[in-house]
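Let's take a look at a protein together. Have the sequence and the 3D view open while you read.

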Amino acid sequence: MTIALEKPAESRSPASAPAISRMVGVGTAATGTPVSQSELLELLDIDDPRVRSVYLNSAIDRRHLTLPEPDAAGRRLPEPQGRLLDKHKRLAVEMGAQALQACLKRAGADLSDLRHLCCVTSTGFLTPGLSALVIRELGIDPHCSRSDIVGMGCNAGLNALNVVAGWTAAHPGELAVVLCTEACSAAYALDGTMRTAVVNSLFGDGAAALALVGDGPGESRPGPRILRFASYLITGAIDAMRYDWDGDLGRFSFFLDPQIPYVVGANAETVVDRLLAGTGLRRSDIDHWLVHSGGKKVIDAVVVNLGLSRHDVRHTTGVLRDHGNVSSGSFLFSYERLLEEGVARPGEYGVLMTMGPGSTIETALIQW
């Protein structure tokens, strides 16, 4: 790691790139039953010591899940793919509506103010998209424009933020929302394999929404400015995280390569350095790090490779502890906690970082 020298005060001025948009509100929601890791092991009747250790050493205390009801013998049986899709539709709309309303309340806005809704999900497939279902559910103006990002995985929240920030820049003064809603319970396989354990020990249900507005000429709203984005596709690990059809189970099944934390960590510097290139900023100038709660090993690998402290990722680890990995919305759960902490000051910089299938690392630079 390169040790950055302390920079003079004038270097704390805003990055030269103009703001794309402003983040003006955030809201989260989680439905289902909070379940601890030890409780889940008993519910799923898992007694293999190797599999149990995956759950119990995950740095997760509890998660919100909606599991199948036990049968007459007390067993929780795998749900067919059709029932899982129905569960995804129900939970995604329910959580998404709650998160969206909480977000708008924080932004001081109403549903009638919404002009664009972008919905993100990877835990089920819907046509028409989730955006249409949420608009109908909440009675949002049917003239509201919409978009859906489906299947990109845990990194997709920042992919959506990039797209919607561009929309708000083209429509100054108009309100847009990125809504990430992930019903991970609708992507669970119930078996005793190690492949399944790696996934089932990690993911939880949750939704998060972020409101964005582009400043018009002479306007300056409260909320951090989005300055720029940087992406990196690790093509050599393109199959390390994937959603496959399991012919034996007759359903989709998620796969996580055990080496993915080290792959992500080894490439974190590359994309962050690209994000900061040309801004005059160094990593030591970043005051707030909001990293995807991808799992204990992923977080540890990012911390080591970027030279971060445990304090830098306190919200990331806190979200993992309390919710597990809620996929695309995880970084927004961390952002909400940072706002509630009330420590961000005008002029300070933040880096948002997500990672997911591809394997992909997405980043954004923001400034208060």
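Here is a quick tour, from the whole chain down to one residue.

This is a predicted model, where local features need pLDDT of at least 70, side-chain atom pairs count only at pLDDT 80 or more, and totals for chains, interfaces and linings use all residues. Residues are numbered from 1 along each chain as its sequence is written, and side-chain values use heavy atoms, with hydrogens and water left out.

The protein has 10 helices and 13 strands; these are DSSP runs (helices H or I, at least four residues; strands E, at least two), numbered from the N terminus. Of its 368 residues, 55% are buried, meaning under 20% relative accessible area with a 1.4 Å probe, protein chains only.

| Helix | Residues | Glycine just after, with phi |
|---|---|---|
| H3 | 81–107 | Gly-108, about 70° |
| H8 | 296–306 | Gly-307, about 70° |

Both phi values are positive. In H8, Val-298, Ile-299, Ala-301, Val-302, Val-303 and Leu-306 are buried. They pack against helix H7 (260–276), strand S11 (286–291), helix H9 (314–323) and strand S12 (349–356), with contact meaning heavy atoms within 4.5 Å.

Finally, is Ser-21 buried or exposed? Ser-21 counts as buried because its relative accessibility is 2%. You'll find Ser-21 in strand S1 (residues 21–29). A polar atom of the Ser-21 side chain lies 3.3 Å from the backbone oxygen of Val-213. Leaving aside residues up to four places away in sequence, Ser-21 touches several others, including Ala-165, Thr-168 and Pro-224.

Methods:
The expected span of a helix is 1.5 Å times one less than its number of residues. Buried means under 20% relative accessible area, exposed over 50%, partly exposed in between (1.4 Å probe, protein chains only). A polar contact is a pair of N or O atoms within 3.5 Å; within protein, one must be able to donate a hydrogen and the other to accept it, and residues adjacent in sequence count only if both atoms are side-chain atoms.
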